[in-house]
Amino acid sequence: MMAVRAMTAGGPASLSRFRGALVAAVLGDCVGGEFEGAEEVPMERVLQHLNSLDETKGTGNLDYSDDTAMARCVVRSILAHAGYDERDMAHRFAKEYGESPDRGYGTGVVHVLKKLSSSHLSDVYQPARDQFNGRGSFGNGGAMRAAPFALAFPKLADVRRFARLGAMLTHSCSLGYNGAVLQALAVHLSLQGALDLPQQFISRLITEMEDVESDDMSRKDARILKEAEKPFCDRLHRVRDLMDRSKVSIEEVISELGNGIAALHSVPTAIFCVLHCLEPRECLPENYGGLERTIAYSLALGGDTDTIACMAGAIAGAHYGIEAIPQSWINCCEGAEDADVTAERLHVLYHQSPRGGGSGTEEPTREDASKCQSGRSNGTKKKARTE
Ligand code: R7I
Ligand code: MG
């Protein structure tokens, strides 16, 4: 695949990229809801659905789901504390669920969210650890809300560390939180313009995940769940193989990468959607730009469409920028305008954060949980702001 340059997004970490990432994630979630759980989604139906957005004049008539509800909590918590504060984030997740429980949460995670609402909880990571007989969830619920970590912390090592901790509030299986790390790293690299060189982008992700998946817990979980030694690396190699092929069918993508609710079966898939749609594709309208292609293609895979489109949207939005998103799509989606406003605030925070020093190889440990109490090692040194 050749180098593909984004025309409008501006330089690395530009405001346009921040707005694009957060708004396109909401769009993916909202427009993806139509096909959630469908086994087969003909592209014709996807295009009909997307065309109807152009005709609809109504504002915010497509509701967002738990993906956006939880991402908004992540964003608001980071902005309020100018960094990561696990108690505050956990509290916001629980409060949001209590106020609006019908957003389509996973059936397992609701038990965690109910326990997190208790004011007597001494360890906010414990309810997640109790899931699924003590192994924790491997669902994609941590990954679907991971993009804001890439928009808050400029250093790759911080993105890795806080995306992981933020996911562990609900997903304590390594196949859950490592998926969140991968999604946040993909957004981080895209924000820097790394998708201009797709081969280097995927190689860099593989290198990072080699390290992320090298710890004892990741190896143990992979063994117990009978996955490859380093499951996400294995999938990313498959993504690279698929990228190298001139023609790939939807069926092949699903059988190689998956389209389900496990992080392993959806985060690499979302990354592939973005990479595949960097170039025009026969099955997609000629007048579509790269971001529209990415969303349309994600929906055509069926399965967990809203979450896959949400994750692909965040990565693609960070590449193409806000100008690539049709205004008519934004008008139709609940929470899109709000995402645009908070993206600006994240952009300010990101550029205020101390730079440099991150080796990108720092491996966070389980002890991070206690070290981070009260948000003391939150990766930034700014004064807390009020929300
Ligand atoms: O991961 P999660 O927050 O949500 C997953 C998806 C997202 O698309 C959401 O938008 C929502 O639509 O669902 O929710 P969890 O409840 O943690 O995990 C989702 C499902 O994955 C669970 O209900 C289980 O069916 C399955 N699952 C597991 N099954 C067996 N053993 C997750 N972890 C395990 C496990 O360890
Ligand atoms: Mg979902």
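Where does Ser65 lie? Ser65 is in the loop that runs between helix H2 (43-55) and helix H3 (66-81). I shall return to that residue after a brief orientation.

Colleagues, the structure before you is a predicted model, in which local features need pLDDT of at least 70, side-chain atom pairs count only at pLDDT 80 or more, and totals for chains, interfaces and linings use all residues. Residues are numbered from 1 along each chain as its sequence is written, while chains are lettered from A and ligands numbered from 1 in the order in which they are written.

Let me begin with the overall architecture. The protein has 20 helices and 0 strands; helices (H or I, at least four residues) and strands (E, at least two) are DSSP runs, numbered from the N terminus. Of the 387 residues, 55% are buried. A residue is called buried if 20 or more other C-beta atoms lie within 10 Å of its own, exposed if 12 or fewer, and partly exposed in between, with C-beta atoms placed from the backbone. Two residues are in contact if their C-beta atoms, placed from the backbone, lie within 7 Å. Among contacts between residues at least 6 apart in sequence, 77% join residues at least 24 apart.

I turn now to the annotated positions. For "binding site", an unreviewed UniProt entry lists Ser65, Asp66, Asp67, Asp306 and Thr307. These residues span 243 residues in sequence, yet no two of their C-alpha atoms are more than 9.9 Å apart, so they gather at one spot. UniProt positions are given in the numbering used here, feature names are shortened, and annotations may be inferred rather than shown by experiment.

Ser65 is buried, with 21 other C-beta atoms within 10 Å. Asp66, by comparison, lies in helix H3, and it is buried with 26 C-beta neighbours inside 10 Å. Under the same exclusion of residues up to four places away in sequence, Asp66 touches Arg103, Gly104 and Tyr105.

The UniProt record, again an unreviewed entry, also places the feature "binding site" at Asp304. Asp304 lies in the loop between helix H16 (290-300) and helix H17 (305-320). Is Asp304 buried or exposed? Asp304 counts as buried, having 28 C-beta neighbours inside 10 Å. Leaving aside neighbours within four places in sequence, Asp304 is in contact with Glu36, Asn140, Asn259, Gly260, Ile261 and Ser266.

Next, the ligand. Ligand 1 is surrounded by 20 residues, of which the closest are Gly106, Gly108, Ser137, Gly139 and Gly141; a residue is near a molecule if its C-beta atom, placed from the backbone, lies within 6 Å of it. This shell divides into 6 nonpolar, 10 polar and 4 charged residues. Here Ala, Val, Leu, Ile, Met, Phe, Trp, Tyr, Cys and Pro count as nonpolar, Asp, Glu, Lys and Arg as charged, and the others, Gly among them, as polar.

Helix H5 (residues 109-116) deserves a word. Its buried residues are Val109, Val112, Leu113 and Leu116. Seen down the axis of H5, these residues fall within an arc of 95 degrees, so they line one face of the helix; the arc is that of the directions from the helix axis to the C-beta atoms. They pack against helix H4 (86-99), helix H6 (126-129) and helix H7 (131-134).

What of the interior? The largest nonpolar core has 123 residues, and those with the most contacts inside it are Ala21, Val23, Leu27, Ala184 and Ile315. Helix H10 (residues 174-191) gives the most to this core, with 11 residues. A nonpolar core is a set of buried Ala, Val, Leu, Ile, Met, Phe, Trp, Tyr and Cys residues joined through C-beta atoms within 7 Å.

Finally, two backbone details. Most residues other than glycine have a negative phi. Ala13, however, has a positive phi of about 55 degrees; its place is in the segment before helix H1 (15-32). Phe132 has a positive phi of about 45 degrees and is found in helix H7. Ala13 counts as partly exposed, with 17 C-beta neighbours inside 10 Å, and Phe132 also counts as partly exposed, with 14.
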